[in-house]
Amino acid sequence: MNEGTPRVADFDAVIVGAGFAGIYALYRLRAMGLTVRCLEAADDVGGTWYWNRYPGARCDVESMSYSYSFSPELEREWVWTERYASQGEILRYLQHVVDRFSLRPLIRFNTRLRQATLNESSGRWSLRTDTGEQLTARFVVMATGCLSEPRLPSIPGLQDFEGRIFQTSRWPREEIDFSGQRVGVIGTGSSGIQCIPLIAAQAKHLTVFQRTPNFSVPAHNRPLDPSARQELMDNYPPFRKALRESFTSLAPDAPLPSAMELSAQEREQRYGAAWKEGGIRLLFCVSDTIVSKPANDTLVSFLHERIREIVKDREVAERLLPKTHPLGTKRMCVDTDYYATFNRSNVTLVDLRATPVVGANRHSVRTRAAEFPLDSLVLATGFDAMTGALLAIDVRGRSGRRLADEWRNGPRTYLGVSVAGFPNLFMITGPGSPSVISNMVISIEQHVEFVAELIGTMRARGVDTVEAQAGAQEEWVAHVAAVASGTLFPQADSWYMGANIPGKPRVFLPYVGGVGPYRLKCQEVAMAGYAGFDFRS
Ligand code: FAD
Ligand code: NAP
């Protein structure tokens, strides 16, 4: 090699990202005897749970379901402490997994993949990172995350703001103390709703800048009861199986009544019990929340009443009522004391629909109606979901075709795992798969296992490349859209629809045909010799 020529390292597989998905992909592919390298932009593992360290960050799927099921030993030794684990506990869990299975040496940290180019003659991918490193790989596994590419607001003058600006999705490691400060939070999605109560308890004054009110339900988080936890740990396999095969992957399937079959009193009882229990299962306490507007309206009225009950100032309560989208068509939030926070005398709610933000200066954020002097500003403004992290990489497949061009009118995938024209490149929980509509650890494990088994089949058959067929992909894309159009989801301006990103095509991104049914579909594809995929030597 000439001096100055970068060394090119060759691997069977390169995995991009070291969150839940990348870690498991690394474990599985190494176990198959493949040479594997994982690239991670951060300086540690964890993905979502590395980056989102804001106060109050925790899962909204219960800890004992939101964890890996691939290793019985891991299941036995890791003891979750709370119903909904905190960011710190989930991060420690993922660090433990990586060290327990000796995966850390295979991960190159502080390394962002910038470009992936298919070399058609060799059938290998050439990869270039922001550190100048070059690699080649037969397989590329994009474990880049559905909610990992942050979205920031463009506020004129914000660059002049002299206070500190925090992003929930890039929260610093050190403890932030807001005591004595005037703090503003922009954004009232899940991240905003989790951090607002804790910041309010600390700050001198908190101004919440709300553009769209969201539905939120109480978490009723609590330490796990040791005997109930042990019982579940002793019965993990059947519990996990029931979740995997269920429609939602959040709880085992159970027969549910339609909201419209119930009397008003029966509905009230059922919704009241779910509210008391806490968590997103409220969405699934009747069968038709997400497919019937009249059914949905009954839950909306129920939640409006709860908000009016909690928030003492009538006018503030009215401003907090979500009225622009059906319940569940934007991700429902799970909170601790969110609505009650607006009873505090040090909290102001600003309705940005009535008075939009017009700019910022050295000391303040200004709306059309008023100026708000602030010491710190927290941006909880979300992500370029599902496609953002993938399209941030310059991916070029057959004939130099760019993924960004192929997806100009919205992502096109086969099963959310593969793209025609991009052989041997796989996405974990890509667009067109249940992903963000599910318990994501379950969906991640299913995709990693599908990819690992597909690679295993290729080795057994002695073939070099696998690629989605264009026809199968088109059928899948049409099916994903048809299923979504039978629901209320398209009625919301949500990130599920790409609506939070100006110019992003309005396409419903995840697959809502059910986690269990989707798994069955993938199994059928595999059993039919990977129907819809082409293999080549
Ligand atoms: P991520 O955890 O996002 O990891 C992707 C990794 O890829 C990141 O570390 C990123 O740095 C890296 N990366 C991206 N691009 C590149 C590149 N070009 N080069 C190198 N590295 C790259 N889901 C649930 O099911 N239940 C929950 O309770 C839940 N809570 C959540 C809470 C928050 C605050 C957020 C933001 C999301 C939550 N989610 C939840 C969704 C969550 O993202 C998934 O559950 C899961 O953690 C995703 O894992 P992942 O490995 O697919 O992606
Ligand atoms: P989000 O749901 O997209 O919320 C972003 C918020 O910022 C919205 O209220 C949005 O208003 C507002 N916003 C965006 N741009 C704005 C602008 N220019 N001016 C004013 N307001 C603006 O993002 P998120 O809260 O980070 O959550 C994203 C997803 O991550 C969640 O849906 C969930 O899947 C996951 N998550 C889960 C948890 C959990 O509880 N476990 C916690 C955090 C995140 P509009 O609605 O008007 O666009």
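Modeller: Happy to! A polar contact here is a pair of N or O atoms within 3.5 Å; within protein, one must be able to donate a hydrogen and the other to accept it, and residues adjacent in sequence count only if both atoms are side-chain atoms. By that rule, T212 places a polar side-chain atom 2.4 Å from an oxygen atom of ligand 2. W495 also has a polar side-chain atom 3.1 Å from a ligand 2 oxygen atom, while D60 uses a backbone N or O atom, 3.1 Å from a nitrogen atom of ligand 2. The protein covers 85% of the 910 Å² of accessible area that ligand 2 has on its own (Shrake-Rupley method, 1.4 Å probe; for residues, only the protein chains shown count as cover).

This is a predicted model: local features need pLDDT of at least 70, side-chain atom pairs count only at pLDDT 80 or more, and totals for chains, interfaces and linings use all residues. Residues are numbered from 1 along each chain as written, chains are lettered from A and ligands numbered from 1 in written order, and side-chain values use heavy atoms, leaving out hydrogens and water.

Now the wider shell. Around ligand 2 there are 24 residues, of which R58, S191, R211, T212 and K330 come nearest (near means a heavy atom within 4 Å). Domain 1 (8–150 + 385–536) and domain 2 (152–214 + 331–382) each supply at least three shell residues, with bounds from an automatic or database domain assignment. Helix α5 (residues 190–202) gives the largest share, three residues; helices are DSSP runs of H or I, at least four residues, numbered from the N terminus.

Methods
Helix = DSSP H or I, 4+ residues; strand = E, 2+ residues; numbered from the N terminus.
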